Amino acid sequence: MLLVLVRVIKGPTVIDRLVAVNVIGTKSIVLLLFSGIIFGQLDMFVDIALGYGLLNFIVSIAASRYYQHRRSLKQKGQPS
Amino acid sequence: MAELPIWQFDSLFLIVVLLFGITSLAMQNLMSAAIVFGAYSFLMCLIWTAMGAVDVAFTEAAVGAGVSTVFIVATIHNCGVTAKPMNSRIGFKLFAGAIAVGTGAFLLSALPDFPAWGDPQSPVNSTVAPYYIENTIRDAHVPNIVTTVLADYRGFDTLLETAVVFIACIAIYSILRVDSAKSTVDEPDVVTSPPAYDPTDSLIIRQASRIMVPFMQIFALYVIAHGHYSPGGGFQGGVILGASVILLCISFDLKFVLRQWTEKRIMILTALGVLIYASVGVACLFMDGNYLDYGVLDSILPGDKSYARYYGILLVEIGVGVTVMFSMIGIYMILASNGRFRQGL
């Protein structure tokens, strides 16, 4: 997790950061489940972890979609 | 619970969260700032779980980390990605810094007056909380105390919270909505758009989200309906439902969704959620009870008085979920389409 942290803070490009944050999200899901085991109520934490994973997915898709869209707008602008 | 290494956990998280906060403030590129801010919210969610506040953690994961980051991305889509450095005078900067430090010091000065974390003698834990803990099961058959406090004991607060979500949605509409019949400023953008980004549309993402969306919606309905037993409820479930439609907007495109969910329908349904909540209260009035006193509904709903409260909570949660879902969709659409409701991110 600390190595990924370096990538988030230093990360030369935005895409590096995006991937790194996504990895952090995945790791946090595992951490959530561990804390569920510690608290002894795993069923509750599975719900949170599921919601967390879904939203993490949407965030990454949205950010990458933004870049895709911007690139296609650029390509559309340049040839004309 | 006492043997948990809470202290070490918390200081580690504190350092990381501070790092993320400072990094996201210091970045010139707004997009990376938004992404780092999302990670910040995810870690806040972990902190809430370490404190055992699972409902808050769920809300943070759904609202703070998920949907608000998507909103920020949609805003950046219309605003441009780099921040202009502020060229203000050094005196002004010093002044602003002094105000910030002063406010922070003022807030920190109140810190010693706080009761210790988890102190059983603190005002919060010694007044109403014991009543909630002892009587929730007897009053409403709901094991999750948070849900009962939220929707039953403090039903008024939640009603007004739902109304606040609704009002915020209306406010965003009234500020950002551009009447497309009147404005001709960006008209060429609209005309040339239809097949513009078809070549880069990703088949993988489309198919993946086509499979994901129904599961997300089922999960969200489960969160709303199962909020009595597990963390979650109207707000979280509504956000996840909204996020599933937002996922459709992102992976297909906005027009595709607008065909099904027109602006008018979204607004009506947003209002409908508040109406459901308020009319449950009015129904209580008609049954000779106080406003939002679900116990008196026992002649309509199955079961005795306490089960009537159980179902009353469920009805109210559905109202909250509907409002939150459609205001999330509406806010996303208006941000992504720059107020025109035609096309966007």
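Reply: Let's start with a term we'll need: a residue counts as buried if 20 or more other C-beta atoms lie within 10 Å of its own. Keep in mind that this is a predicted model. By that count, buried residues make up 41% of the 80 residues in chain A.

Now for what chain A is built from. Its secondary structure comes to 3 helices and 0 strands, so reading from the N terminus you go α-α-α. Helix 1 covers 2–10, helix 2 covers 14–39 and helix 3 covers 42–77. If you look at contacts in chain A with a separation of 6 or more, 26% of them are between residues 24 or more positions apart.

Just after helix 2 of chain A comes A:Gly40, which takes a positive phi of about 75°.

Next, what chain A touches. The contact with chain B takes 35 residues from chain A and 47 residues from chain B. On the chain A side, helix 1, helix 2 and helix 3 each supply at least two residues. Helix 3 of chain A gives the most, with 20 residues. Sort that side of chain A by class and you get 23 nonpolar, 7 polar and 5 charged residues.

The domain assignment of chain B gives domain 1 (1–114) and domain 2 (119–191 + 200–345). The C-alpha centres of these two domains of chain B lie 25 Å apart. Where they meet, domain 1 of chain B puts in 14 residues and domain 2 of chain B puts in 17 residues. The domain 1 side of that contact divides into 8 nonpolar, 5 polar and 1 charged.

Helix 11 (residues 234–251) and helix 14 (residues 305–336) of chain B have axes that come within 7 Å and cross at roughly 35°. That crossing of helix 11 and helix 14 of chain B is right-handed. The residues of the contact between these two helices of chain B divide into 16 nonpolar, 6 polar and 1 charged.

Technical notes
Residues are numbered from 1 along each chain as its sequence is written. Chains are lettered from A and ligands numbered from 1 in the order in which they are written. This is a predicted model: local features need pLDDT of at least 70, side-chain atom pairs count only at pLDDT 80 or more; totals for chains, interfaces and linings use all residues. Two residues are in contact if their C-beta atoms, placed from the backbone, lie within 7 Å. Helices (H or I, at least four residues) and strands (E, at least two) are DSSP runs, numbered from the N terminus. Ala, Val, Leu, Ile, Met, Phe, Trp, Tyr, Cys and Pro count as nonpolar, Asp, Glu, Lys and Arg as charged, and the others, Gly among them, as polar. Domain bounds come from an automatic or database domain assignment. Axes are lines fitted to C-alpha atoms, for helices over the stretch in contact, and angles run from 0 to 180 degrees between N-to-C directions. A crossing is left-handed if the near helix is turned anticlockwise from the far one by less than a right angle, and right-handed if clockwise. A residue is buried if 20 or more other C-beta atoms lie within 10 Å of its own, exposed if 12 or fewer, and partly exposed in between; C-beta atoms are placed from the backbone.
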